[in-house]
Amino acid sequence: MKEVLRLRKSRERRRHGLFVAEGPREVERARAAGLRIVHTYFAPELLSWDEGEEVSARVLARMAYRAEPEGVLAIVEIPQRTLPAEPTLVLVAVGIEKPGNLGAMARTADAAGADALLVGDANADPWNPNAIRASTGAVFTLPILEVAKDDVANLDAQKVAAVLGAATSHNTPDYRRPTAFLIGAEDEGLGDDWRALADEQVTIPMHGTGADSLNASAAAAVLLFEAVRQRAAT
């Protein structure tokens, strides 16, 4: 139990290279993705499971991150992935603070067929339970790498930064060539040092009277699927 509780902390997940998958859907998807399952715990009172260590529902509730555990959780090895040699579509998430937003960005990137999610100035952890749940398992298969600015600068792709109030609309540039979208934190956006990497700065026009911008995961969806739209039209 102590090992599971310890992995609630990001620094412990990084230190040990492990995370916790909770619930039958997440554990099954981790297995289907070929990730190494280190240990599984399940409560027979809550569900029938095919392998692992049996524990009581009370013990599982103490181990689980969620208020209402779904009967099974597993300690899983964090996959070590690399960026494809010639990526054509990449999402760069910079300084994202909320794990749920980072997980949603992973889900969107996977749905759009992106080659990878690159995480810069990491505040949120893609192996946080909230990030895993929001990703619906996309973090198990999509290459996710923590990067520095130099790594992004060296990408063989045009860099397009989402910047509130930029002169160019998001649907103006040509995204049919290799593209990396840079999206910043929800409150402050991209810092000047990250904007300086961009070949193009774009804005997503707002037409309402209250909201002046989209959150990071929604902005990622708009940009990625604009690239999908353009590429499908060729």
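Biologist: How do S2 and S4 pair, parallel or antiparallel?
Modeller: In this predicted model, S2 and S4 run in the antiparallel sense and are joined over 5 bridges. One place to look is Ile37, whose bridge partner in S4 is Val76.

Biologist: And which way does S2 pair with S3?
Modeller: There the sense is parallel, with 2 bridges linking S2 to strand S3, residues 53–54, and Tyr41 stands opposite Glu53 of S3.

Biologist: While we're in S2, is Val38 buried, exposed or partly exposed?
Modeller: Val38, which has its place in strand S2, has a relative accessible area of 34% and therefore counts as partly exposed, since buried would require under 20% and exposed over 50%.

Biologist: What is Val38 in contact with, neighbours within four places aside?
Modeller: Once those sequence neighbours are set aside, Val38 is in contact with Leu18, Ile75, Val76 and Glu77.

Biologist: Switching to H3, which of its residues are buried?
Modeller: In helix H3, which covers residues 24–32, the buried ones are Glu26, Val27 and Ala30. They span an arc of only 95 degrees around the axis, which means that they sit on the same side of H3.

Biologist: What do those buried residues pack against?
Modeller: The buried residues of H3 pack against strand S1 (18–22), strand S2 (37–42), strand S4 (72–77) and helix H6 (129–135). Just after H3 comes Gly34, which takes a positive phi of about 85 degrees.

Biologist: Now the open sheet of 7 strands, what's the order?
Modeller: The order is S7-S6-S5-S10-S8-S11-S9, and the pairing is parallel. Strand S7 (144–147) and strand S9 (168–169) are the edge strands, each of them pairing on one side only.

Biologist: How many bridges join S5 to S10?
Modeller: Strand S5, residues 89–94, and strand S10, residues 179–183, run parallel and are joined by 5 bridges; within this pair, Val90 stands opposite Ala180 in S10.

Biologist: Which strands does H5 touch?
Modeller: Helix H5, residues 99–111, packs on the sheet and touches S5, strand S6 (116–120), S7 and S10, while its direction makes about 175 degrees with that of S5.

Biologist: And where does H9 lie?
Modeller: Helix H9, residues 216–232, lies across S5, strand S8 (158–162), S10 and strand S11 (200–203), and it runs at about 165 degrees to S10.

Terms used
Residues are numbered from 1 along each chain as its sequence is written. This is a predicted model: local features need pLDDT of at least 70, side-chain atom pairs count only at pLDDT 80 or more; totals for chains, interfaces and linings use all residues. Side-chain values use heavy atoms; hydrogens and water are left out. Buried means under 20% relative accessible area, exposed over 50%, partly exposed in between (1.4 Å probe, protein chains only). Helices (H or I, at least four residues) and strands (E, at least two) are DSSP runs, numbered from the N terminus. The arc is that of the directions from the helix axis to the C-beta atoms. Contact means heavy atoms within 4.5 Å. Two strands pair if DSSP finds at least two bridges between them. Axes are lines fitted to C-alpha atoms, for helices over the stretch in contact, and angles run from 0 to 180 degrees between N-to-C directions.
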